[in-house]
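Trainee: I am new to this structure. Please take one part of it and walk me through it closely.

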Amino acid sequence: MKKFLLVLLFVFAFAFVACDGEEDVQVEPKVEVSEEAVELEIGENKVIVPVKSEGAVLEWATTNDKVATVNNGKIVAVGAGTCVVTVTVSGTDVKDEVTVTVKETVVLVEKVEITGLSSVYVNKSQSYTCVVTPSNANYSEVKWSVSDTSVATIDQNGLLTALKE
């Protein structure tokens with residue numbers, strides 16, 4: 001009987017040591033971004049924090065670095081247009097992507113200042129200049145015109161000629 005108990009104890013001890021309770025579980029790689037699309041203006045940035053499987057190493061890429069750059073999930077808008085930013089689990093084909101649309105920053109004209117004489121003699125010409133503020137405003141091109149071309153004309157350089165009073 002002692003032999004039987006000794007053998008039984010040995011079998012249980014062997015079984016206990018052989019089964020340490022841990023199983024090798026393979027985790028499927030995964031990565032998922034929370035947004036399908038992002039809109040930014042030039043100079044803005046957005047950080048994308050993806051959901052990923054534990055221990056996954058991520059690689060980031062952009063289809064057009066003239067529109068947006070990406071570094072560890074930080075997207076920086078550099079030029080107007082659209083591109084796709086992709087995040088991939090390193091060493092796999094597992095990936096997700098976000099479409100990035102970058103709009104040109106709109107700078108409104110705040111002030112238009114015209115300089116030149118307030119009156120011109122008939123058959124004489126006067127040059128006018130125009131300053132648009134701020135200087136980086138969108139749509140700051142000046143197009144000269146007069147309301148009555150029978151009284152005066154003006155060319156695209158701001159040269160006004162008086163035709164009659």
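Trainee: Which strands make up the open sheet that includes β7, and in what order do they stand?

Mentor: A word of caution first: this is a predicted model. The sheet has 3 strands, in the order β3-β7-β6. Their pairing is antiparallel. The sheet is open. Its edge strands are β3, residues 45-47, and β6. Each of those two pairs on one side only. On average, neighbouring strands here are turned by 15° against each other, with direction ignored.

Now look at one pair. β6 and β7 run antiparallel and share 4 bridges. Find Thr-69, then look across to β7: the residue opposite is Val-76. As a general point, the strands of a sheet pair through backbone hydrogen bonds, parallel or antiparallel.

Next, follow these strands into the core. The largest nonpolar core holds 19 residues. Ile-75, Val-85 and Val-100 touch the most other members. β8 gives the most, with 4 residues. In soluble globular proteins, nonpolar side chains tend to be buried together.

Take Val-85 as your way in. Set aside its neighbours within four places in sequence. Val-85 then contacts Val-70 and Ile-75, among others. It also contacts Trp-60, Ala-61 and Thr-62. Asp-96, Glu-97, Val-98 and Val-100 complete its list.

Move on to Thr-86. This residue is in strand β8. Is Thr-86 buried or exposed? Thr-86 is buried, because its relative accessible area is 14%, and buried means under 20%.

For contrast, turn to another sheet. It is open as well, with 3 strands in the order β11-β14-β13. The pairing is antiparallel. β11 (125-127) and β13 (152-154) stand at the edges. Each has a single partner strand, so one side of each is left without a neighbour in the sheet. Here neighbouring strands are turned by 20° against each other on average, direction ignored. β11 pairs with β14, residues 159-162, over 3 antiparallel bridges. Ser-127 stands opposite Leu-159 in β14.

Finally, step back to the whole chain. It has 1 helix and 14 strands. Of its 165 residues, 22% are buried. Take the contacts between residues at least 6 apart in sequence: 47% of them join residues at least 24 apart. The accessible surface comes to about 12,500 Å², and carbon and sulfur atoms account for 54% of that.

Methods:
Residues are numbered from 1 along each chain as its sequence is written. This is a predicted model: local features need pLDDT of at least 70, side-chain atom pairs count only at pLDDT 80 or more; totals for chains, interfaces and linings use all residues. Side-chain values use heavy atoms; hydrogens and water are left out. A nonpolar core is a set of buried Ala, Val, Leu, Ile, Met, Phe, Trp, Tyr and Cys residues joined through side-chain atoms within 4.5 Å. Buried means under 20% relative accessible area, exposed over 50%, partly exposed in between (1.4 Å probe, protein chains only). Contact means heavy atoms within 4.5 Å. Two strands pair if DSSP finds at least two bridges between them. Axes are lines fitted to C-alpha atoms, for helices over the stretch in contact, and angles run from 0 to 180 degrees between N-to-C directions. Accessible areas come from the Shrake-Rupley method with a 1.4 Å probe; for residues, only the protein chains shown count as cover.
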